[in-house]
Amino acid sequence: MFYHAYNSYLDNAFPYDELRPLTCDGQDTWGSFSLTLIDALDTLLVLGNHTEFQRVASLLQDTVDFDIDVNASVFETNIRVVGGLLSAHLLAGRAGMQLEPGWPCSGPLLRMAEDAARKLLPAFQTSTGMPYGTVNLLRGVSPTETPVTCTAGVGTFILEFATLSRLTGDATFENAARRALRALWETRSDIGLVGNHIDVLSKKWVAQDAGIGAGVDSYFEYLVKGAIMLQDEELLNMFLDYDRAIQNYTRFDDWYLWVQMHKGTVSMPVFQSLEAFWPGLQSLLGNLDSAARTFQNYYSVWRQFGGLPEFYSIPQGYTVDKREGYPLRPELIESAMYLFRATGDHMYLQLGLDALESIERIAKTPCGYASIKDLRDHQLDNRMESFFLAETVKYLYLLFDPTHFLHGSGTEGDGSWEEGGEGRQCVLGAGGFIFNTEAHPLDPAALYCCSRHAQDRQELRDILLSLSQPGEKSASQSKPPAEQPEDSLPGQSDSIALKPGEKKTAALLSCPVQPFSARLSILGQVFTDAT
């Protein structure tokens, strides 16, 4: 499946962004930088094709230029391009690429990701810190650009931007993402909900429908995954507050409806296919029973049509007019992967098999796989979105490969761990990979390696020295504590090492296995205070 789609793109569409599988040609969609190739790069490594990964990584370095006069989606460029390049950079060692000294804190793919992200920063230069939805990669934000953007377009940056900041030492990216998140948090209604579209200048809600689907979805996803990856209680508490309101106002019989954000009254009793990520997200928090029941609802829709229509009327039990299509989205397969990892229930493998057979039977063409225009009669659309290779195929593969290194299933000595950082003293790839909303895996260990490892080692040396010489203090301990600079990265000045006589307090996110509670995120669980 992957290689039929991938080779069809290379043969018929490269260097355009996407393949048109019915006419066997290509088109630019999101910015004119060979988007499908960037999006598919880490999937090559996931499938074990090291030689093609190396070839494409070198090709992208030679051919992709972000200094172009193109209007690009800030959201899509971040999750697909910045996320894809960061993931490929962090997986480059596994692919056998020549690594720069100090990797993962330096490297050509990291510099490409940084260049792409810098092109997005002008969009964040607003009075609120919430970004515009579109930016010109050469000229910045147009004076006529609309200030209205979707909620996800404001709150879906913390994974990529924090990764960039922690790897490069430049706090600009993470600070921009956090400022946007906090500004969005302040706009929630009195009953704790957010709407669908907001004016980023006035902070006024333009669309006041609250739900977990299109326009909002990845905002909630990034609060949870950001909390895990960064060990950030603020982000987790934000999500938990939202989740209480979501469960209270939008959940009905394990479906999630759309409601008016201020009143909580139902505005759209529909299920949107993008909502199918929710059971997987709930599994990361250990809410397995609720996640399984919601998954069953969504799976019943899949069995009805052989795919998930974009909109499904819950009262009528059928598709919504002009929303009957299925562009080969990954979200239900993604949830199946998480829930199978958490429960071992083979029902989730059956969904994977159903998805594989449906896509093969309905969407396959001589030149790749086509989006399904109408699930009622299986009409096809002349487009193969880049996320088909980045997400759909990847999650299918990982669902059926329980021992893959991305699941943290490796054992010591099997080559699944890597060394990196200054003096190759960091342990990387030991588990706990966090997938961004485009299924690009990010390694929390790399962030720690580049931002805190050296500092923590020095503090540990100081503590050990002070314990071996009780009457003396090391030079660094005798100094008064320095104030944290405003432009420093969050958490950099806080050491995980305990001072003599200090008692350890339980963090909201903690894990008894290794320093990253994200180690258990793939297993469908995150430990909290109440565990």
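Predicted model: local features only at pLDDT ≥ 70, side-chain atom pairs only at ≥ 80, totals over all residues.
At the start of the helix, a side-chain oxygen of S73 comes to within 3.5 Å of the backbone nitrogen of F75.

The aromatic side chains come next. A pair of aromatic rings is described by the distance of the centres and the angle of the planes. Searching the whole structure gives 29 aromatic pairs. One of them joins W255 and Y312, which are stacked at 6.3 Å centre to centre with 20° between the planes. This pair links distant parts of the chain, because W255 belongs to strand β10 (residues 255-256) and Y312 to strand β14 (residues 311-313), 57 residues apart. Both W255 and Y312 are buried. In a further pair, the ring centres of F271 and Y298 are 4.2 Å apart and the planes meet at 15°, an angle under the 30 degrees used as the cut-off, so this pair too is stacked. Here the link runs from strand β13 (residues 270-272), which holds F271, to helix α12 (residues 288-305), which holds Y298, across 27 residues. F271 is buried, with a relative accessible area of 0%, and Y298, at 0% relative accessibility, likewise counts as buried. Ring pairs also link W185, Y219, F220, F239, Y242, Y256, F277 and W278 into a cluster.

Charged side chains are placed over rings as well. R94 lies over the face of F405, at 3.9 Å from the ring centre, while the charged end of R323 sits over the ring of F311, 5.3 Å from its centre.

Finally, there is an open sheet of three strands in the order β8-β11-β12, with antiparallel pairing. The edges are taken by β8 (209-210) and β12 (266-268), each of which has a single partner strand, so one side of each is left without a neighbour in the sheet. Strand β8 is joined by two bridges to strand β11 (residues 258-260), and these two strands run antiparallel. Within this pairing, A210 stands opposite V259 in β11.

Terms used:
Residues numbered from 1 in each chain as written. Heavy atoms only, no water. Polar contact = N/O pair within 3.5 Å; in protein donor to acceptor, adjacent residues only side chain to side chain. Helix = DSSP H or I, 4+ residues; strand = E, 2+ residues; numbered from the N terminus. Phe/Tyr/Trp six-rings, centres within 6.5 Å; stacked < 30°, edge-to-face > 60°. Buried < 20%, exposed > 50% of the residue type's maximum accessible area, 1.4 Å probe, protein only. Lys NZ or Arg CZ within 6 Å of the ring centre and 35° of its normal. Pairing = 2+ DSSP bridges.
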